[in-house]
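Please keep the model in view while reading.

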Amino acid sequence: MAEQNEGTTAPKTESHDPDFPEAFLQFMRTGWRDDALNVTPRPEAPNYAKRRAALSDAFPGETLIIPSGGEKVRANDTDYPFRPGSDFVYLTGDSDPDSVLVMRPSGSGHDAVVYSRQRSSKETDEFFRNRDGELWVGRRHTLREKSTELGLETAPYGALGQALGECAPARTRVLRGLAPVVDRAILAYEPDPQVRRDRALASVISELKLVKDEWEIAQLQDAIDATVRGFEDVARILPADRSVKERLLEGVFGLRARVDGNDIGYGSIVGAGAHATILHWVRNTGVTTPGELLLMDMGVEGHTFYTADVTRTVPVSGTFTPLQRQVYDIVHSSQQAGMDAIRPGVKFHDVHLACMRVLAEGLHDLGLLPVSVDEAMDEKSTVYRRWTLHGFGHMLGIDVHDCSAARKETYRDGALGEGYVLTVEPGLYFQPEDDLVPEELRGVGVRIEDDVLVTADGCRNLSAGLPRSSAEVETWLAAQREAGPRLPG
């Protein structure tokens, strides 16, 4: 793939591309109608403006630069599907690659400009010769159309270099790692202070994202509702009496994600049998087996990039064995304890402890803990974690692990606030090679995960459309199978 010069729209060409004769070029340049798009302001544009205003208040007198990122090569001349940087989307609503938000200090606030690639109109040969041309990728917005839609000033990407050159590094903060052209242009004035300054920008954006407004909650609910439908789709084609490939189930859910949303929010985890004990099992190369459990951790990413994150563990045959039910009920009780603890002002870590104590008590009842529950829960021990492996959950929003750059004191060591959305997802995992557990437990993994909104007096389970208790899961699975397969649409 030919290198595209920064600030230009040089054609992407390959060795297998044809050489066009002049007669063809002349013919292609004539007889085209250029229809304008009927673009109107997005109703949610004021929400993005409020976020930029809050960011402006946090850094008076400083220039702030937030890129969207660029396309990444998958293999040779093919790219991965582009997904814009979450912070850029959070502040603009734009989703185009190679775009950069620049917020310059002006008066008591900032002027915001999005630098973006111009459309390859039919005024040049780019529209048919360039692999980014509109005969290849479709009509794109003009800068004026984009400005109307976003409620933001726009400028051509080719002018970005001059704008970056005018920035004083000591008064500029950059969200780094997304656009090499930006990172190179705004070199650290003094390396350590500049790193701290840039990290502060990322932290402030993450902390602004902690509280979801009504529009964001609606976007999350849409993604979660689509996810519920996706789990139903999978349950309807999951045989009780024979094996099917994990990738078949992954694909059925992926179809729902593409039809009802933008895509999957993260790589789907479909873990049959012992694969359920592998936390990030995304290869999905196994098969289901009647009598075993199936763990599915999947989420639809909505059209505005807010994502769900839900996990269910189901008995392939339709009914839990007594031992499977015992393990499942421990995890369900742990999750309920976490949900019961959630309310504004409660420490994030205290919710973790509420979940983990129930898991530790369950492990004690199973005869696995080498010490008492209190000793296992002591921070100098935590031996119970051999079988729990991870924390109780994480923030959720425009990222599946939202607000990840927030300071520890405002997130992991902080208190929950009204409007936070987080997952509650305890689990128990008994590895197939673990000689410290009975043979009948080896290869058993259970996780239950829901997406929870912190309310004024507690919490609301946004993913309550899926069952949680062992009896409800059995009833739900039977009902889905009876209803039969369906196509999204």
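Phe305 is buried, with a relative accessible area of 9%; burial here requires a value under 20%. In this predicted model, Phe305 belongs to the loop between β11 (300-301) and β12 (310-315). Its backbone has a positive phi of about 80 degrees, although Phe305 is not a glycine. Most residues other than glycine have a negative phi.

Asn284 is another non-glycine residue with a positive phi, in this case near 50 degrees. The residue is placed in the loop that lies between β9 (269-272) and β10 (293-298). Asn284 is buried, and its relative accessible area is 0%.

The discussion now turns to strand β5. Of the eight residues in β5 (residues 109-116), seven are buried, so the strand is largely enclosed by the rest of the structure. Strand β4 (residues 99-106) runs antiparallel to β5, and seven bridges join the two. Within this pairing, Val102 has Val113 of β5 as its bridge partner. β4 and β5 form a hairpin with two residues between them, and Gly107 in the turn has a positive phi of about 60 degrees. β5 is also joined to strand β6 (residues 153-156), here by four bridges and in a parallel arrangement. Val113 stands opposite Glu153 of β6.

What do the buried residues of α6 pack against? Helix α6 spans residues 143-150, and its buried residues are Leu143, Glu145, Lys146, Glu149 and Leu150. They lie on the same side of α6, because the arc they cover around the axis is only 160 degrees. These buried residues pack against α2 (45-58) and α3 (86-92), and also against the strands β4, β5 and β6. After α6 comes Gly151, which has a positive phi near 70 degrees.

Trp32, Leu135, Trp136 and Val137 make a nonpolar surface patch of about 430 Å². One of these residues, Leu135, lies in helix α5 (residues 134-137). Leu135 is partly exposed, since its relative accessible area is 49% and only values over 50% count as exposed.

Terms used:
Residues numbered from 1 in each chain as written. Predicted model: local features only at pLDDT ≥ 70, side-chain atom pairs only at ≥ 80, totals over all residues. Heavy atoms only, no water. Patch = residues over 30% accessible without salt bridge, like charges linked within 9 Å, V, L, I, M, F, W, Y side chains within 5 Å. Areas by Shrake-Rupley, 256 points an atom, 1.4 Å probe, with all protein chains shown as cover. Salt bridge = Lys/Arg side-chain N within 4 Å of Asp/Glu carboxyl O. Buried < 20%, exposed > 50% of the residue type's maximum accessible area, 1.4 Å probe, protein only. Pairing = 2+ DSSP bridges. Arc of directions from axis to C-beta. Contact = heavy atoms within 4.5 Å.
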